[in-house]
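Visitor: I would like to learn how to read helices and aromatic pairs in a model. Please show me one.

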Amino acid sequence: MMSKLTTVLRVFIEGCRRLLSVWLLVLALIAVCLATTTPAIDDFNTLLSRNFVRQYFISSFQPAPLSMSRIAPYFSTWPFYVAGWMFLLGGCLEVLVHRNISTIGLFVRSCRRYFLRLVRLVLLELCLKALVLLVVLEIVNADPGSWMFATRPFSLWLSVLLLAITTVVFTYAAIRTIAEDRLSMVGSVVAAARFVKRRFGSVVMLSLLNMGVFALGAIGAMVIVQPETISDVPVFLSFLCLVQLLTVLTTYASGLSYLESQLGYSIRRRNSVFT
């Protein structure tokens with residue numbers, strides 16, 4: 001147990017060093033995040049204030065059942081953000097693999113090279129998560145007295161666990177796609193799932209460390225912004241977007257370092273590594 005913890009701490013620190021070595025990229029991504037996330041923040045703020053806040057904190061408000069048709073309009077801009085992130089992700093991971101952003105051409109070429117592969121990968125992920133979310137909505141709207149209502153706490157926790165495991169698997173699938181130059185996204189997912197299964201304890205500890213980065217950032221955002229009114233929420237959500245971006249980058253950097261430490265390679269290999 002202690003050896004696993006030591007290994008996880010070492011690769012986490014190595015991932016942070018890897019991220020700091022490309023600090024220009026991090027600053028550029030922060031600038032892009034600040035410049036482009038306003039529409040998504042406004043939609044999300046409207047979703048919270050018009051639906052969940054009124055539903056749970058205003059007794060006179062008559063809540064309507066949760067459904068995809070109610071929630072979906074507030075996420076109309078998100079496909080553009082997902083597509084943009086998939087374009088940038090290939091270049092980001094390529095830079096993290098080589099720890100070098102001195103050549104902008106390499107970053108741009110990598111963005112173009114891996115874009116369609118990562119789009120296929122994220123579509124697989126979204127399909128799996130959509131199935132889980134549909135089940136969650138059925139559980140939340142279950143009639144009292146039904147078996148689904150009786151097992152609701154357990155089912156919701158199980159759904160959250162499935163979503164978390166799916167996120168971890170697809171994170172390593174994206175890393176392996178770039179690090180090993182894989183063409184098959186299904187193969188990347190299978191290889192990532194096998195990797196996570198064989199090292200489940202260490203992967204969980206590393207994921208908890210990355211979640212700790214988000215938790216510390218969220219606490220810092222609350223201390224700095226101190227949101228007290230609805231007008232403070234957009235600023236707070238902007239800080240959370242930055243915290244989430246840094247958490248995602250740390251997750252990919254530490255995941256790449258862990259993958260290298262376990263598979264024994266430090267540069268991209270053209271041939272697939274079946275582990």
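Guide: Start with the elements: helices (H or I, at least four residues) and strands (E, at least two) are DSSP runs, numbered from the N terminus. Just after α8, D181 takes a positive phi of about 55°. Residues are numbered from 1 along each chain as its sequence is written. The model is predicted, so local features need pLDDT of at least 70 and side-chain atom pairs count only at pLDDT 80 or more, while totals for chains, interfaces and linings use all residues; side-chain values use heavy atoms, without hydrogens and water.

Visitor: What does helix α8 reach from its first C-alpha to its last?

Guide: The expected span of a helix is 1.5 Å times one less than its number of residues. Helix α8 (residues 152-179) has 28 residues and reaches 40 Å, close to the 40 Å expected.

Visitor: How is a pair of aromatic rings described?

Guide: By the distance of the centres and the angle of the planes. Rings of Phe, Tyr and Trp (its six-membered ring) pair if their centres lie within 6.5 Å; planes under 30 degrees apart are stacked, over 60 edge-to-face, the rest tilted. This structure holds three such pairs. One of them is tilted: Y172 and F195, 5.4 Å centre to centre, with 40° between the planes. Y172 lies in helix α8 and F195 in helix α9 (residues 185-198), so the pair ties together parts 23 residues apart in sequence.

Visitor: Are Y172 and F195 buried or exposed?

Guide: Buried means under 20% relative accessible area, exposed over 50%, partly exposed in between (1.4 Å probe, protein chains only). Y172 is buried at 5%, and F195 is buried at 0%.

Visitor: Which class of pair do F195 and Y258 form?

Guide: Their ring centres are 5.7 Å apart and their planes at 70°, so the pair is edge-to-face. F195 in helix α9 and Y258 in helix α11 (residues 233-263) are 63 residues apart. Ring pairs link Y172, F195 and Y258 into a cluster.
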